[in-house]
Amino acid sequence: MTRSVLLGRLAGKRAIVTGAGRGIGLAIATAFLQEGARVLANDIQAELLERARLRLPAATGHVAFHQGDVSDPGAVAEMVALAREAFGGVDVLVNNAAIGGTGKTLLELSLEEWERFLRVDLTSVFLCCQAVVPLMIEQGRGSIINLSSITGLAGTAGSIPYAAAKAGVLGLTKSLAKELAPHRINVNAIAPGLIDTEMSRARGQEESRRAVLWPRIGMPEDVAWLAVYLASDEAEFVTGQVISPNGGAWM
Ligand SMILES: NC(=O)c1ccc[n+]([C@@H]2O[C@H](COP(=O)([O-])OP(=O)(O)OC[C@H]3O[C@@H](n4cnc5c(N)ncnc54)[C@H](O)[C@@H]3O)[C@@H](O)[C@H]2O)c1
């Protein structure tokens, strides 16, 4: 889905997008740049960042790259320092990086797998918020967008730790929205349904596809343009909300 008229809705904004090497994160970074933001694109996978470098207009000076694991506090501190150095601050944080469901049922899961999901899909959001919020408070304004999932709202068999982490993201989002409202920092969650990415292809799309009422499944851009809205000043008064682009699969 392309947009021919771009409005500069994020002109002057400085954003961090985690997990921006592919899929939804790459689409968000692309849309943010198209709308005039400067973007620090993070990913744990160096080769994906290299590919993203070719897709995102690096030469403009509006994009910087950071390779690191957002569940590692040291890497998160490095990422935020890099954004500060490159752009002078952070106005928008998109916590997008995550790992997808294993397909394993309760009795098949190990404690290590459970803890890995919680660390990558939930603790990382806590760490990134904790590192960025002091800058936003200092600036007197900010937007945080957390990627949850329809699985965090409705549950999915074979996705217990992923669902628990994504439901945790919703609790974190709403509580943080309450804490940060006096600082004019809005915190919202996007809980997508089936979106065509490597993550959903690896898990298998058939079961989720059957629940989609719209005559197509979601594309990363369906999430990206919602993120543009939530990051823009047009959404300043929107906080603590969960929006689910899902083609009618869950209401
Ligand atoms: N695709 C869907 O159907 C769907 C549905 C609901 C929610 N989501 C959520 O949307 C977000 C993006 O998903 P996607 O489908 O684009 O997935 P994806 O697997 O295609 O992309 C995720 C990216 O995050 C990166 N990443 C993973 N762990 C990381 C870490 N520890 N540190 C830094 N980067 C890391 C990966 O390298 C990858 O580039 C995730 O939060 C996911 O849970 C996706």
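**Exercise 1. How do β4 and β5 pair, and over how many bridges?**

Step 1. β4 and β5 run parallel and are joined by 4 bridges. Two strands pair if DSSP finds at least two bridges between them. Helices (H or I, at least four residues) and strands (E, at least two) are DSSP runs, numbered from the N terminus.

Step 2. Pick one bridge. Leu93 has Ile144 in β5 as its bridge partner.

A note on the model: it is predicted, so local features need pLDDT of at least 70 and side-chain atom pairs pLDDT 80 or more, while totals for chains, interfaces and linings use all residues. Residues are numbered from 1 along each chain as its sequence is written, and side-chain values use heavy atoms, with hydrogens and water left out.

**Exercise 2. Find the order of the strands in the open sheet, and name the edge strands.**

Step 1. The sheet has 7 strands, in the order β3-β2-β1-β4-β5-β6-β7. The pairing is parallel.

Step 2. Look for strands that pair on one side only. These edge strands are β3 (63-67) and β7 (242-243).

Step 3. β2 and β3 run parallel and are joined by 5 bridges. Leu40 stands opposite Ala64 in β3.

Step 4. Go on to β1. It pairs with β2 in the parallel sense over 4 bridges. Here Ala15 faces Val39 in β2.

Step 5. Cross from β1 to β4. These two pair in the parallel sense over 3 bridges. Val17 stands opposite Val94 in β4.

**Exercise 3. Which residues point to each side of β1 and of β4?**

Step 1. Start with the rule. In a regular strand the side chains alternate between the two faces of the sheet.

Step 2. Take β1 (residues 14-17). Arg14 and Ile16 lie on one side, Ala15 and Val17 on the other. All are buried, and both faces of the strand are covered. Buried means under 20% relative accessible area, exposed over 50%, and partly exposed in between (1.4 Å probe, protein chains only).

Step 3. Take β4 (residues 92-95). Val92 and Val94 point one way, Leu93 and Asn95 the other way. All are buried.

**Exercise 4. Is Ser143 buried or exposed, and what does its side chain contact?**

Step 1. Ser143 is in strand β5.

Step 2. Read its accessibility. Ser143 counts as buried because its relative accessibility is 1%.

Step 3. Find the partner. The side chain of Ser143 makes a polar contact of 2.9 Å with the side chain of Asn186. A polar contact is a pair of N or O atoms within 3.5 Å; within protein, one must be able to donate a hydrogen and the other to accept it, and residues adjacent in sequence count only if both atoms are side-chain atoms.

**Exercise 5. Where are Gly140 and Arg184, and how exposed are they?**

Step 1. Gly140 sits in the loop between α4 (111-139) and β5 (142-147). At 29% relative accessibility, Gly140 is partly exposed.

Step 2. Arg184 lies in the loop between α6 and β6 (185-190). At 48%, Arg184 is partly exposed.

Step 3. Check the backbone of Arg184. Its phi is positive, about 60°, although Arg184 is not a glycine.

**Exercise 6. Describe the shell around the ligand.**

Step 1. There are 29 residues around the ligand (a heavy atom within 4 Å). Asp43, Asn96, Tyr162, Lys166 and Thr197 come nearest.

Step 2. Sort the shell. It holds 13 nonpolar, 11 polar and 5 charged residues. Ala, Val, Leu, Ile, Met, Phe, Trp, Tyr, Cys and Pro count as nonpolar, Asp, Glu, Lys and Arg as charged, and the others, Gly among them, as polar.

Step 3. List close atoms. A polar side-chain atom of Lys166 is 2.8 Å from a ligand oxygen. A polar backbone atom of Val70 is 3.1 Å from a ligand nitrogen.

Step 4. Find the top contributor. α7 gives the most to the shell, with 3 residues.
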